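Please work through each task before reading its solution.

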Amino acid sequence: MGVLNVTPDSFSDGGVNLDPDTAAASARRMLEEGAAIVDVGGESTRPGSDGVTGDEELRRVVPVLERLGGGVPVSIDTSKAEVARRAIALGAEMVNDITALRGDSELAGVVAESGVYLCLMHMQGEPRTMQLDPSYHDVASEVAAFLEQRLGFAVSEGIREDAVCLDPGIGFGKTVEHNLELVRRLDVLLAVGRPVLIGFSRKSTLVHLGATDIRSASVAAALAAYERGATIIRAHDVEAHVDALSVAKAFV
Ligand code: HH2
């Protein structure tokens with residue numbers, strides 16, 4: 001899954017893809033490089049961020065989706081029903097919701113009605129404050145229990161279970177040690193029975209581990225997640241990830 005942030009302030013690529021023509025070209029390049037899907041987002045959720053209105057999110061993502069013309073696999077990174085609805089009408093095949101259907105009570109209905117795929121992500125707290133003091137007794141089992149509960153909620157709202165993937169939310173209300181533990185013990189999350197998505201790309205934990213080349217560090221984290229059973233990797237540097245994962249796959 002290639003990352004396309006149509007925002008001025010995303011932590012690693014803010015501003016790069018604000019122009020819709022540039023953004024659409026970036027999406028096409030990621031698909032050429034081997035991404036199976038491109039995750040288009042119009043709101044930064046970096047630690048400390050405040051969020052934007054639905055109108056602003058639509059203003060950012062709609063011109064990009066229009067330029068892509070519905071012919072390419074797109075996921076919409078949003079928690080807002082109105083943004084998801086418009087993106088699906090423009091061809092998005094998946095909704096990536098970092099609030100796991102807790103942010104907007106209408107989003108579950110939009111996903112259920114349209115039959116698109118859904119990613120449910122774990123987050124402790126909210127972006128503005130989530131990194132102040134994250135705490136867990138047992139991070140792997142608490143995150144798995146939360147995602148199992150949200151999966152049950154999604155199904156109760158009419159969403160097909162086999163359309164849902166789960167994501168422990170690397171960096172969303174977690175310390176460096178929590179993020180590492182979630183990948184080390186990915187089996188606990190896999191036991192819920194759905195595919196797992198991991199987004200370690202360019203996250204600050206890699207820098208805290210001493211990395212100076214963020215792309216290589218992201219690839220290393222992706223490989224660790226892949227070897228433990230993750231099936232979707234969310235990444236900014238698609239070509240490097242596809243190369244590394246293709247080679248790793250050849251050893252299986
Ligand atoms: N991470 C970010 C945003 N959306 N969605 C899922 N499912 N999993 C993630 O790990 C994830 C996500 C944050 O990264 P990025 O999009 O690069 O930054 P920003 O939120 O600042 O736009």
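**Exercise 1.** Identify the residues with the most contacts inside the largest nonpolar core.

*Solution.* In this predicted model, the largest nonpolar core contains 65 residues, and those with the most contacts inside it are L4, V95, L118, L120 and I198. Helix α5 (residues 139-156) gives the most to this core, contributing 7 residues. A second, separate core has 6 residues, among them I37, M94, C165 and L197. As background, nonpolar side chains in soluble globular proteins tend to be buried together.

**Exercise 2.** State which residues L118 touches, leaving aside those up to four places away in sequence.

*Solution.* With those sequence neighbours left out, L118 touches M94, V95, L101, V111, A154, I159, A163, V164 and C165.

**Exercise 3.** Determine where the buried residues of α1 lie around its axis.

*Solution.* First, list the buried residues of α1: A23, A24, S26, A27, M30 and L31. Viewed down the axis, they fall within an arc of 155°, and therefore line one face of the helix. Then consider what covers them: the elements include β1 (2-5), β2 (38-41), α2 (54-68) and α10 (238-250). Finally, α1 is followed by G34, which has a positive phi near 115°.

Notes. Residues are numbered from 1 along each chain as its sequence is written. This is a predicted model: local features need pLDDT of at least 70, side-chain atom pairs count only at pLDDT 80 or more; totals for chains, interfaces and linings use all residues. Side-chain values use heavy atoms; hydrogens and water are left out. A nonpolar core is a set of buried Ala, Val, Leu, Ile, Met, Phe, Trp, Tyr and Cys residues joined through side-chain atoms within 4.5 Å. Buried means under 20% relative accessible area, exposed over 50%, partly exposed in between (1.4 Å probe, protein chains only). Helices (H or I, at least four residues) and strands (E, at least two) are DSSP runs, numbered from the N terminus. Contact means heavy atoms within 4.5 Å. The arc is that of the directions from the helix axis to the C-beta atoms.
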